[in-house]
Every structure is written in structure tokens, then in C-alpha cells.
Amino acid sequence: MQKCKIGIIGFGTVGKGIYKILKSKNDLHPILKDIEIVGIAVKNINKKRDIKLENNLLISDPYELIKDPNVDVIVEVMGGTDIARDIILKSLKARKSVVTANKAVIARYGNEIYSTAAKNGVYVLTEAAVCGGIPIIEPLKRSLKSNQINKMVGIINGTTNFILTKMSNEKADYKATLKLAQKLGFAEFDPTADVEGHDAADKISILSELAFGGKINRVSISTEGINQIDIKDIEYANKLGFEIKLLAFSERNAININDSLSLNIWVGPSLIPKSHPLATVDGVNNAILIDADPLGEIMLYGPGAGSGPTAASVVSDILNLQSSLTKDTKSIDPLLSFNFWRECHIINSNQISKKNYLRIICLDSPGVIGKIGDIFGKNDVSIESIVQLDASENKAEIVVITHEVSNGKFEKSKKEINALSEVELIASQLSCI
């Protein structure tokens, strides 16, 4: 079988994991031996590393690998956006296929990257960009292609899931748990992308493009993180039979415009019934539930990050490319490649329909629950449950869970409730599924 010669750009956690897999003496498939590392581009060649490398593999200029005629595939695992985008595009224009774990680049520049790959008759594969070691990209491109994807909902950020699991199981403080996650390597030094939901929004954008076939405007995805979650909300959720998880949600919507497929996409902390399969996904694990026709529901579950799982997904993509190199054809595999084939748009945030959780701090006075219920009723918001919790010192906390309703109607009700003289403040609002 023809050798697949690769150039790796970046040698951090994932890059090292790729090297270890390819040099492993474990009982792996023999075609792994047909992958050869030509060079590894790093920022600092002289840096001390905790891994022994073969001689002369390290170079300082990543563009040398792109120019090298011996390199078939560029593996981009350096991170970042601008330089990574330039490297990916230049590699594709040099007619070298690309494997990347970079969800930020694909979520923002996917249209340009995919079209450049198609124009030059090569591939860009991204399995490692979403959910680490869980195979989700290739199933959406291949195995599930005979289905109409209706909905995807998942826990696709391991950092936030670790934090929320600790807060729920141990009543741990948010800031202390975030520091622990950083110490254990589950959270970055700057955790903003994770805890504010941007990482999950990048990932659900990529998955939505693959599932529905159209370009997603990443900035249009309604995004909230877990950085405002109060331990009280977790305690109340548990009392009411729920867990709180950061969910990424993507679903077909009935509001289509000029043949453009309408999608309801959002990311936010959400209450999940304890009986729901996603409620038991703990720690740094990820899971995604897919509803398809005629298949029905399936759930993919596993480690969402880390050197081993992410590197394994990268190497799987390289193997897919290696098999394509052995075919005596100049045409590209339409299932291995990807290009947009329809228009999609994300509905306005006011049109998004979902169940909601609302925690209200108010005076413990007669009739306040009735007033809150009247406001919801007047605005066509159906209430699933309304309970008073932790009354003390003339104050009470009222928790409302609604049935599914548009954000527009819910926000109007919330504004009117906040204006009641008995209401001190609306302490928190979360989604529900």
C-alpha cells in the first residue's frame, strides 16, 4: 500500500498524542505503519520535551512542510485562528489534504476552507474538532446520510461539564472548581471560550453545517455560558428532579424563507430531567443525541477532550486520507469531502421556542404567586410548575418552569414580572429540555 506522508504543524498535547499513536507498539491495525511523519513544525526547536523524537523531524518553519513535495497531508494542531487559517488554505492550494482539530477556524472560515479544498481536488477532515474522541463528524458525512437529521442536542464541552458535575455532586463553589479544572488540565489558563459557551457554539455550528448542508452564520448563534450559574439553581434543580448541563441545541424549524432551511440553534445552561440520557453524562465526558428520520434517536458518548481521544480522531482522519491516496482516480470521494448544498439561516432569538426556568426573589406576601401566574397567562405562556422555596425574613424565592414558548413572549412576561412592586429581582433564567 502507498505510504501516506504527513507534516505535523504544532506539537502540544494533541501533536504529541498523534506521534505516540503512530509510534506505538500496541496491537493496532497494520495500515498505521503506512503513515510516515516527514516533519514536525514547532515554535522552538531547542525547547526541552518529555518525549524522545526521531532525528531531524523538528523544523521551525511550517511553510516548509507545505512546500515539500514529499508531504501528502498537513496535520494542523497548532490552534489559534489567523495563522492556522493561512496554513490550511495554503496547504489546500498546494494540493495537500488537511486534517485539523481546530474548531474555531472551521466554525468561522469553513465556507472558504471547504470550497478551496473542492477547487483543488483535495480534502479537509475535521473529526477531532468536535467532541474529541467521539466519532461524530464522519457519521454525519457518511453513516447517517440516508437520514433526515431533525435535531441534535448535546454536551460538547468537557470543561463546563466537569465544573457543573462537581457543583451538583459536591455542592462545590464555581470559582474554586474552575481553578481545580485548570490545575488538572481540563480548563485553559484563559477559560473564557469554555465557560462563556463560545467553544460549544463553534462546535454546534460545525455539526449543524454537516447535518443540514448549509453555511451557518456563527455569530447568529444565541450563546450563554455557565459563569453566572448560582449553586442555588443547582440545588433547586435537583430538588425538582433536574440536572443542569451546558447544552448545545440545533433543530429544524418550520419558518423557512425562500427555500432557505430555518434552524433553531442555541447554546446555554439548561435543566435536564434526571431520567434523560444526557443527565447522566458527568465529568469531562461529552455526548450528543441525534434525532433522525427514519433512524430515530441515537446517542454518541465518550471522552470529549485530551491528548489520547483527540489524537485518535486525527489519526483516524489520516487513515481515511491514506486509503484515498491508494485509489487510481483523480476524482474526490463525495462522502469523504464536504461542500454546502443548500441555504440555511438561524431564526431570530425572539422566535426560538423552548421551556424555561426562572428564579425570582420577592417579598413573601399574599397573592404574589397569583400575580406572576396572571402575567404569564396574559402573555400566552403556559406554566408547567410554580413553587415557593426557602422563605425567610419576609422574602421568598419562587421558581417557575414553563412549557415551551417563544423567547419573545417569555421575555415580555419577564419584564412585566420584574416591574411588580413585590419582586426584588429575577435571580436567574435557564433553558429546559
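## Aromatic pairs

Tyrosine 114 and phenylalanine 338 are both buried, where buried means under 20% relative accessible area with a 1.4 Å probe and protein chains only. The model is predicted, so that local features need pLDDT of at least 70 and side-chain atom pairs count only at pLDDT 80 or more, while totals for chains, interfaces and linings use all residues. Residues are numbered from 1 along each chain as its sequence is written, and side-chain values use heavy atoms, with hydrogens and water left out.

The structure holds seven aromatic pairs, a pair being rings of Phe, Tyr and Trp (its six-membered ring) whose centres lie within 6.5 Å, with planes under 30 degrees apart counted as stacked, over 60 as edge-to-face and the rest as tilted. The rings of phenylalanine 11 and tyrosine 19 have planes at 85 degrees and centres 6.2 Å apart, so this pair is edge-to-face; both of these residues are buried. Tyrosine 114 and phenylalanine 338 also form an edge-to-face pair, with 4.9 Å from centre to centre and 80 degrees between the planes. This pair links distant parts of the chain, 224 residues apart, since tyrosine 114 lies in helix α4 (residues 103-119) and phenylalanine 338 in the loop between α11 and β13 (344-346). Tyr114, Phe338 and Phe340 form one aromatic cluster.

## Charges over rings

The charged end of arginine 85 sits over the ring of tyrosine 109, 4.9 Å from its centre, and that of lysine 354 sits over the ring of tryptophan 266 at 4.3 Å from the ring centre. The criterion is NZ of Lys or CZ of Arg within 6 Å of the ring centre and within 35 degrees of the ring normal.

## Helix α1

In helix α1 (residues 13-22), the buried residues are Val14, Gly15, Gly17, Ile18, Tyr19 and Leu22. These buried residues pack against β1 (4-9), β2 (35-41), β4 (73-76) and α11 (307-325), with contact meaning heavy atoms within 4.5 Å.

How values were computed. Buried < 20%, exposed > 50% of the residue type's maximum accessible area, 1.4 Å probe, protein only. Helix = DSSP H or I, 4+ residues; strand = E, 2+ residues; numbered from the N terminus.
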